[in-house]
Amino acid sequence: MGVINATPDSFFGGSRRIEVNAAADAAASMVDAGADIVDIGGESTRPGADPVSEAEEMDRTVPIIERVCELDAVVSIDTCKAGVAAAAIRAGAQFVNDVRAACGDGMLELLAGSDVGVCLMHMRGEPRTMQERPVYGDVVSEVREFLGQRVAACREAGVDTARLVVDPGFGFGKTVSHNLALLANLRALSSIGLPVLVGFSRKSTLGALTGKEVTDRLPASIAAAVLAAVDGASVLRVHDVGETVDALKVVEATLAHVRPHV
C-alpha cells in the first residue's frame, strides 16, 4: 500500500501531493514499482494534527481518486468521516482505511451498504492529543481486544468479515515501547482471524531508535517492514514502494525454502 497525502502537514514531506497531476503521477510510479493499493488521505493524522472539515477533505481527495482509479490498483481512501468515505466510493475508491475503526457517525451504516474493503485501526485518543502519556496495562492484549470488538460491531451491522483488515495502529497513542511490543508480537493479532495491515514507515519510533530525521529513516522502515512481513502482516503501508518491494522479494524467496519442523 503506497501512501499519497493530499495534505500540507503530513509528517513526511515526501508523501505530500496536493496538486492532482502530481498526485496521479506519484501514484502511477508507485503502481509501476509494485504497489497493489494506493492510499489517499486528505487529513493529517500525525501527532498534534488539527482536524479539517469534511468539505475540505473531500475537495482534497476526490479529484485525485478519480484520476488514480485509472490505474491498475486498488484505490483506498484514508478517512474516518462517513461523508468523505461515501464521496470517495462514488469516485471509485474500493477500500476505506479508517483510523477510528468505524467508530465515527454513520460509518458502520455506510460500510454495511457498500461492498468495499475496510481497515479497522486501533488508536488511543485523537491525533491532536494521542501522544500525551499513553498508558496500557498490556498493550498487545488491549489492542487485540479493541480490534476484536470493532470486528464484532462490523459483523453485527452487516459488514461481511471477508472485507475486513485490522491494523494495530503503530504510533497512534503509543510509546516507543508499546510500538515495539506490538511489532514483536504481531502474530498475537492473528487470533482475530483477519489480515493484518502494518504502517510503520518512517514513523517517530524509528527516529527514536536510530537518531535519524524522517527523511533518513528508509533503512529502518525497510527493517520494520521485513519484520512485519515475516511475522505474517498481509498489507504494508509504506512511503517507499520500490525499495520495500525489493526487500520483500528477498523475504518471499527465502521463506519459500523454509523446511517444516518434523
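Predicted model: local features only at pLDDT ≥ 70, side-chain atom pairs only at ≥ 80, totals over all residues.
Residues are numbered from 1 along each chain as its sequence is written, and side-chain values use heavy atoms, with hydrogens and water left out.

**Stop 1: alanine 101**

Select alanine 101, in the loop between β4 (95-98) and α4 (107-112). Helices (H or I, at least four residues) and strands (E, at least two) are DSSP runs, numbered from the N terminus. Alanine 101 is not a glycine, yet its phi is positive, at about 55 degrees. Its relative accessible area is 0%, and it therefore counts as buried (under 20% relative accessible area, with exposed over 50% and partly exposed in between; 1.4 Å probe, protein chains only).

**Stop 2**

Next, select arginine 202, found in the loop between β7 (197-198) and α7 (204-210). Arginine 202 also is not a glycine and has a positive phi, of about 60 degrees. With a relative accessible area of 5%, arginine 202 is buried.

Move on to threonine 205, in helix α7. Threonine 205 is buried, with a relative accessible area of 3%. Which residues is threonine 205 in contact with, leaving aside its neighbours within four places in sequence? They are Val176, Asn179, Leu180 and Phe200, where contact means heavy atoms within 4.5 Å.

**Stop 2: the cavities**

Rolling a probe the size of a water molecule over the atoms shows where empty space is left. A cavity is a set of points, on a 1 Å grid over the protein atoms alone, where a 1.4 Å probe fits but cannot get out; lining residues have an atom within 4 Å of a point. Grid points are joined across faces, edges and corners, and a volume is the space filled by probe spheres set on the points. The structure holds two cavities of 30 Å³ or more.

For the largest cavity, select Val198, Phe200, Ser201, Ser221, Ala224, Ala225, Leu236, Arg237 and Val238, which line it. Helix α8 (residues 218-230) gives the largest share of this lining, three residues.

Finally, select Glu43, Thr45, Glu57, Asp78, Thr79, Cys80 and Val99, the lining of the second largest cavity. About 40 Å³ of space lies in the second largest cavity.

Conventions. 1 Å grid on protein atoms, 1.4 Å probe; cavity = no way out; pocket = protein on both sides within 12 Å on 5 of 7 lines; lining within 4 Å.
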